[in-house]
Amino acid sequence: MNNTLNTTELMTGKDGRLFVEFGGVNVFLAEINTYSVNMNVNTVEKQPVGSILVHSIPTGVTFELSYTEMVVRDDLVMEPLLEAIHNGQLPVYNFQGVAVKPDGQEQRIAFNNAVPKGTFGLQSLTPGEVIEREHAFALNAIPSFISSLAATYLKST
């Protein structure tokens, strides 16, 4: 059994991509320079009588997708968002995150039923800097693996 990490299996940010569904087609968001999807576990705290220990009881989870984009287009997210708001609605988006290992294995995760959340960047300019904006989405569906990774060199126990 090999217990040594083989660094040829490691991925970096250049090995990933984020896609948004637009018109029924997944479109690569080449302008995204960082993105993350996080899970937040909600809990309530309860302390039984006679116990010094306060217990955390999980009650649910939330998921959030956030990214920073270098501004090169508005047609996929911003324009449909503002148009929908003008009509008194908020659009729902579907995303896919992809990471590819050097051996060609692909991790692809669906991030569906995403709705804008919190502060949503429209325009922010700083002289001498690339124009960027930050977006955050609440995911109203549990992320699901379309394809997942397996270690080539490390064995599971």
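User: Why is Lys-117 called partly exposed?

Analyst: Its relative accessible area is 38%. Under 20% counts as buried, over 50% as exposed, and anything in between as partly exposed (1.4 Å probe, protein chains only). The 38% of Lys-117 falls in between, so the residue is partly exposed.

User: What do these values rest on?

Analyst: The model is predicted, so local features need pLDDT of at least 70 and side-chain atom pairs count only at pLDDT 80 or more, while totals for chains, interfaces and linings use all residues. Residues are numbered from 1 along each chain as its sequence is written, and side-chain values use heavy atoms, with hydrogens and water left out.

User: What makes Glu-64 and Lys-117 a salt bridge?

Analyst: A salt bridge requires a side-chain nitrogen of Lys or Arg within 4 Å of a carboxyl oxygen of Asp or Glu. Between Glu-64 and Lys-117 the closest N and O atoms are 2.9 Å apart, so the pair qualifies. The pair links distant parts of the chain, 53 residues apart: Glu-64 is in strand 4 (residues 55-70), and Lys-117 is in the loop between strand 6 (106-116) and strand 7. Strands are DSSP runs of E with at least two residues, helices are runs of H or I with at least four, and both are numbered from the N terminus. Glu-64 counts as partly exposed, at 27% relative accessibility.

User: How many salt bridges does the rule give?

Analyst: The count is seven. One of them joins Arg-133 and Glu-69, with the closest N and O atoms 2.5 Å apart. That pair also links distant parts of the chain, with Arg-133 in strand 7 and Glu-69 in strand 4, 64 residues apart. Both Arg-133 and Glu-69 are buried. Together with Asp-74 they are linked in a network of salt bridges.

User: What makes strand 7 mostly covered?

Analyst: Six of its eight residues are buried.

User: How many aromatic pairs does the rule give?

Analyst: Rings of Phe, Tyr and Trp (its six-membered ring) pair if their centres lie within 6.5 Å; planes under 30 degrees apart count as stacked, over 60 as edge-to-face, and the rest as tilted. The count is seven.

User: Why is the pair of Phe-19 and Phe-28 called tilted?

Analyst: The ring centres are 5.7 Å apart and the planes stand at 45°, so the pair is tilted. Phe-19 is buried, at 12% relative accessible area, whereas Phe-28 is partly exposed, at 31%.

User: Why is the pair of Tyr-93 and Phe-137 called edge-to-face?

Analyst: The centres are 5.4 Å apart, and the angle of 75° between the planes is over 60, so the pair is edge-to-face. The pair links distant parts of the chain, with Tyr-93 in strand 5 and Phe-137 in strand 7 (residues 132-139), 44 residues apart. Tyr-93 is buried at 4%, and Phe-137 is buried at 0%. Ring pairs link Tyr-93 and Phe-137 with Tyr-67, Phe-95 and Phe-120 into a cluster.

User: What makes Arg-17 lie over the face of Phe-28?

Analyst: A charge sits over a ring if NZ of Lys or CZ of Arg is within 6 Å of the ring centre and within 35 degrees of the ring normal. Arg-17 is at 4.3 Å from the ring centre of Phe-28. Arg-108 lies over the face of Phe-19, at 5.4 Å from the ring centre.
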